[in-house]
Amino acid sequence: MSKRKVKDVHRPIGECITQVQQILRERFCHQQLPDRPEGLEAQYKHLLELLRRSAIQGESNSVLIVGPRGAGKTMLLQCVLRDLLQEKEAQKNLLQVHLNGLLQTDDRIALKEITRQLNLENVVGDKVFGSFAENLAFLLEALKKGDRSSSRPVLFVLDEFDLFAHHKNQTLLYNLFDVSQSAQTPVAVVGVTCRLDVLELLEKRVKSRFSHRQIHLLSSFGFSEYLQTVRTQLSLPDDFTDRGFAQDWNSSIQTLCEDKSVEEALQRHFNSSKDFRSLHMLLMLCLSRVSVSKPSIKPADLLDASRLCLCDAKANMLHGLSILELCLIIAMKHLNDVYEGEPFNLQMVHNEFKKFLQRKSNSMYNFEQPVVMKAFEHLQQLELIRPVDGSSAKTQREFQLMRLMLDHSQIMEALQKYPQCPTDVKQWAMSAFG
Amino acid sequence: MIDSVCSLCVSSLVISVEGLPRPTIIIPEQHILIEGDDEDNPYVAKVIRLFGDESGEQMKAVVQWFVRVSEVPLSKLKLLGREPHPQEIFHYQGRICDDEVNVESILRPVQVKHLDSATPFPNSDDKDTMYVKLSWDSKAFRVVDSALVESACEPASPSSQLPHAVSGVETESLHSATKLSASKCLSTKRRNLATRTPGVCKKLELHSKWEDVVSQLLDKELDSKVMLAHRLSSSPPQPHPVTHRLTPINKAHRSPVTQGTIRLKPSTIALNRLPPSKMNRPLLSARENSTRSVLTLTSFKTLVAVYTIHLTKAQSHPTCPHNFAVCLIRNLLDNQQDLNSDGEDEDEFVPSQKELNGCSEEDEDDGEEEAGLDSEEEILVKKGRGTTAVFRTPRSKQKTHSLTRTPRKNPNKKIMPGTPRTPHQATPSIPCRSLPTRQPANILEEARARLHVSSVPESLPCREQEFQDIYSFVESKIIDGTGGCMYISGVPGTGKTATVHEVMRCLQHAADVDEIPTFHFIEINGMKMTDPHQAYVQILQNLTGQKATPDHAAALLDKRFNNPAPRKQTTVLLVDELDLLWTRKQNVMYNLFDWPTQRHARLVVLTIANTMDLPERIMINRVASRLGLTRMSFQPYSFKQLQQIIMSRLNKVKAFEEDALQLVSRKVAALSGDARRCLDICRRATEICEHSTTNPSATGLVGMSHVMEALNEMFSSAYITAIKCASMQEQLFLRAVIAEFRRLGLEEATFQQVFVQHQALCRLEGLQPISVSEGLAVCQRLGACRLLLLEPSRLGVLQRVRLNVSQDDVLYALKAD
């Protein structure tokens with residue numbers, strides 16, 4: 001028996017790598033739920049108790065889960081639901097309706113979706129839902145007919161809750177909260193949002209009907225916890241088929257996390273945001289470099305990935321511009337300096353460029369007006385410059401006022417890295433006045 | 001529609017029905033269809049009396065209602081114990097019903113047949129024949145006396161009319177017993193007046209001599225008829241000899257001008273048909289018996305009584321007996337004049353008038369049954385008469401013709417009149433739970449269940465005064481049968497809707513035990529509809545179960561509330577969240593407040609909104625004026641009231657410490673006075689208490705600490721915690737924002753400006769400066785939490801930044817770090 005196990009353990013390295021990729025990718029991309037939500041135990045308990053009471057005792061409740069993006073709001077809710085549905089009593093009773101403010105952009109769509117998810121549409125047979133008003137009356141009637149002890153409780157999850165508050169009259173919210181505060185079908189309304197001021201969005205009568213329960217996910221964990229999370233996220237589980245490989249992998253992760261440069265890079269990420277999604281992005285980039293020939297994550301991989309994550313998008317875009325376009329950008333920068341951020345037009349930029357050509361340029365020659373115009377339009381397409389609001393399309397293109405969408409630091413950084421940049425252009429860019 | 005309008009008391013009325021060739025004549029004792037809410041099933045009624053109102057412009061009819069199967073509530077229909085026949089109607093004896101209708105609402109006559117409760121319904125496809133077996137008084141079905149129902153087909157008139165004529169005054173007619181108390185008063189007044197008239201006394205004296213009178217009358221009968229025919233229709237030649245066909249001639253006599261003469265002919269008919277043996281029967285037996293012949297006799301007797309009066313008058317008149325009939329006519333015409341002037345004798349004349357109409361209607365029915373030939377004669381005769389009193393167009397004749405001869409235009413719709421009006425009302429429901437709810441296990445759970453806002457308390461404490469005011473307002477309106485508006489305002493959670501519901505519960509109870517008339521309670525909520533005009537749809541659906549588009553519903557409701565309609569109960573309409581019904585033209589609000597002012601609407605509107613000055617603020621003058629000044633405002637609860645509310649809810653369940661309760665109520669009273677908030681906090685406190693004790697069996701009372709924690713959870717702002725928990729760069733960015741604001745002296749800066757400050761701060765803190773993209777990401781994250789207010793992100797570095805929290809809060813949060 002043990003012999004066979006030992007035999008099983010040694011798998012070809014390629015197979016192991018595939019398996020590692022699969023497990024970790026599921027973790028990073030598919031939002032696989034952890035066994036316990038770490039650092040959120042109190043909130044987890046609160047929410048679980050609340051939903052359990054709704055499911056089992058038929059108590060109506062409403063609650064908001066508030067926290068910054070990537071703080072684990074949805075993860076918390078999913079964990080609670082997963083654990084709640086393991087209880088047979090809850091599983092058999094609870095009906096779920098999931099709505100998202102980004103998908104159900106108005107109450108009409110939301111009502112249709114609720115009806116669909118509650119499987120109520122078959123009640124009216126083949127009758128197609130008529131008006132919005134009919135639909136609302138239909139659903140309210142359905143909810144009104146139930147009572148606490150006999151109807152199955154309904155869990156409404158409103159993702160991006162704040163967007164529902166922008167619906168006309170907040171009809172949906174009013175009605176959901178009203179049901180939750182009256183002796184009708186038991187409902188649990190769970191709103192998920194990242195806005196801290198969400199209650200101020202609610203109309204006063206809607207607000208009064210909301211129970212004012214808020215679960216805040218504002219955990220103040222430090223860097224050591226962050227590092228720990230990185231380690232656990234990258235580690236392989238104990239039940240990995242090739243035990244030896246798993247041990248090797250885990251120890252390599254251990255050394256990776258202890259590396260000074262890696263720690264620095266992670267610290268930078270941590271300083272920037274405590275969001276786990278951006279961390280997953282970083283780790284995903286590292287993971288994609290793992291191959292059969294390189295069966296572990298090296299510190300260099302992580303540093304590369306970190307650089308990729310932190311690099312400036314606009315500055316990168318500048319690398320792809322032609323010399324002429326770059327010169328125009330530099331001319332704009334000088335105009336910005338001279339006129340203190342006032343908008344400019346093509347003619348001004350061209351004049352500035354011509355001044356440079358006359359005075360300093362050795363390597364550059366003047367271009368025809370149409371060529372410059374084309375370059376200018378390309379910059380506009382790349383949204384490196386944008387027309388000033390309110391300047392009508394009537395004005396000739398040469399005289400349309402524009403603003404530069406780049407910061408000086410971005411231009412300078414791009415110039416440093418621009419391949420074979422003529423030195424006189426570089427000098428022109430660095431000189432204080434055109 | 002109405003062609004002929006007569007004097008105050010009208011014996012008949014001619015209407016023309018669309019789609020029918022001839023005008024139809026409506027006379028008392030005839031059964032008619034009256035326009036109602038449901039176009040396919042108009043109301044059925046029997047005309048008792050036709051009259052013009054005070055101004056003489058509006059023709060009205062006093063009617064006895066019949067109820068269709070579809071008008072009986074489904075729940076009550078079970079009392080019937082059998083399947084109702086689609087053409088079955090019930091004699092209505094309920095309490096609340098307006099028995100005056102405008103004649104405009106009369107659609108056409110209809111045939112009503114009485115059946116014994118044992119006899120089966122005939123298999124007839126005739127949609128215009130209704131069958132009556134039972135009466136319905138809104139609580140139970142009873143067997144109905146055939147005499148109450150039928151009159152048109154029989155030569156007899158309702159026996160109930162008899163006492164009027166014979167003993168004149170003592171008994172009140174049966175039909176008036178079903179009327180409102182107001183009409184009762186009216187009839188007693190009339191009775192009193194009648195006793196004072198000398199004619200009645202004379203009549204009573206002469207009562208015993210009736211046989212003589214009859215014989216005299218028989219002698220004179222022919223003369224009078226010939227004379228009358230001569231008088232009335234001099235220009236058109238009479239197509240038939242007078243004596244050959246009695247019926248058409250009688251019809252010829254039936255004109256409002258010659259009311260007196262018309263009274264002669266029922267007697268002729270009755271006498272002609274009566275076998276001699278029956279003529280000698282004592283009057284008493286005639287009154288008790290209800291067979292056809294005896295009915296004839298009784299009606300005859302009534303007539304004779306009337307005749308006696310006129311006879312006495314005629315005798316006192318100094319004209320020769322040969323001209324008796326002429327004198328009689330003159331006399332009666334005088335009487336008619338009297339009646340016009342003071343209406344004193346009205347009561348006396350009504351029965352005879354009915355007699356007349358009953359008979360003439362019989363003629364008409366006969367004509368219908370015989371078809372063809374007869375009807376042509378009728379038309380001819382009517383033409384002749386038309387010159388005297390009735391104006392008719394040939395077109396309308398066409399219409400009447402088709403009424404009697406052809407079936408209804410749309411018989412398909414009438415195939416199942418017995419089915420409910422909205423058969424397709426499949427209201428869905430949330431499926432039932434497979435496992436029962438778990439009952440509260442301990443005292444805290446029990447308390448929590450009781451403190452839930454949804455649990456209905458046994459009583460509503462602290463709103464006694466408001467309750468009393470609303471109750472008496474609505475109660476008085478229901479009892480008086482009038483309408484009115486009331487505006488109730490108050491901040492959310494002060495018990496407005498709950499109080500109104502409680503009032504309605506109490507009133508409903510009072511109505512159930514018959515203390516007040518029954519009423520209809522409808523509730524609409526501005527928030528529970530998608531569009532203000534949906535209010536009409538919901539009201540109509542609640543009232544009648546009909547579904548309609550908003551425009552159509554508005555029209556139907558308008559008709560319902562503006563016209564004197566049958567069987568009207570008071571409707572109490574609760575309009576919650578009134579401000580949501582605001583439209584630019586405000587026509588929804590206007591209608592809601594205008595209906596109660598209509599005389600026949602019987603609508604009480606209770607409106608609820610949050611702001612006290614809503615009528616002044618958003619309503620245009622004509623709307624605000626109709627809303628009136630009956631206002632009530634619910635003050636926010638004081639801490640004592642909140643405490644009392646919690647105590648009454650808990651109802652001796654000891655779960656809270658006294659101080660803890662006081663703390664909650666004081667805190668909530670200071671902030672909003674919202675009872676919902678108060679209950680929610682208490683509920684949360686019980687949860688905290690439950691979780692804080694490690695041993696679940698030994699749950700203690702909810703104390704101050706638990707309540708404090710709950711209060712903190714609910715009232716504290718999360719901004720400071722959010723700043724404290726933000727990442728390093730986010731905190732730095734906030735600082736940079738403040739620094740830039742201070743530099744600019746403004747509360748707004750572009751990202752570019754802030755970013756310069758941010759870079760400087762990074763260097764100061766010894767951190768690697770971040771790129772613009774990263775900075776933008778930080779900025780966006782803060783914007784998503786609404787710590788910052790941002791312009792749309794497509795503006796990139798040019799977007800403007802503002803703080804959503806005070807600078808002090810930010811600095812406090814960052815300093816404490």
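Student: Where does A:Ser291 sit?
Tutor: A:Ser291 lies in the loop between helix H15 (276-287) and helix H16 (299-310) of chain A. Helices are DSSP runs of H or I with at least four residues, strands are E runs of at least two, and both are numbered from the N terminus.

Student: What ground rules apply to the numbers?
Tutor: This is a predicted model, where local features need pLDDT of at least 70 and side-chain atom pairs count only at pLDDT 80 or more, while totals for chains, interfaces and linings use all residues. Residues are numbered from 1 along each chain as its sequence is written, chains are lettered from A and ligands numbered from 1 in the order in which they are written, and side-chain values use heavy atoms, with hydrogens and water left out.

Student: Back to A:Ser291. Buried, exposed or partly exposed?
Tutor: A:Ser291 is partly exposed because its relative accessibility is 27%. Buried means under 20% relative accessible area, exposed means over 50%, and partly exposed is in between (1.4 Å probe, protein chains only).

Student: Which side chain does it make a polar contact with?
Tutor: The side chain of A:Ser293, at 3.1 Å. A polar contact is a pair of N or O atoms within 3.5 Å; within protein, one must be able to donate a hydrogen and the other to accept it, and residues adjacent in sequence count only if both atoms are side-chain atoms.

Student: Switch to chain B. Where is B:Asn591, and what does its side chain pair with?
Tutor: B:Asn591 is in helix H23 (residues 587-594) of chain B. Its side chain makes a 2.7 Å polar contact with that of B:Tyr536. B:Asn591 counts as buried because its relative accessibility is 17%.

Student: And B:Ser489, which element holds it?
Tutor: Strand S13 (residues 484-490) of chain B. B:Ser489 counts as buried because its relative accessible area is 2%. Contact means heavy atoms within 4.5 Å.

Student: How many residues are in the largest nonpolar core?
Tutor: It has 75. Those with the most contacts inside it are A:Leu118, A:Leu173, B:Phe733 and B:Leu788. Such a core is a set of buried Ala, Val, Leu, Ile, Met, Phe, Trp, Tyr and Cys residues joined through side-chain atoms within 4.5 Å.

Student: Now the interface. How much area do chain A and chain B bury between them?
Tutor: About 7,100 Å², with 52% of it on carbon and sulfur atoms. Buried area is the accessible area (1.4 Å probe) that two parts lose on being put together, summed over both. The contact takes 91 residues from chain A and 75 from chain B.

Student: How many salt bridges cross it?
Tutor: The rule finds eight. One joins the side chains of A:Arg205 and B:Glu577, at 2.7 Å from N to O. A salt bridge needs a side-chain nitrogen of Lys or Arg within 4 Å of a carboxyl oxygen of Asp or Glu.

Student: Which helix gives the largest share of chain A's side?
Tutor: Helix H7 (residues 132-145) of chain A, with nine residues.
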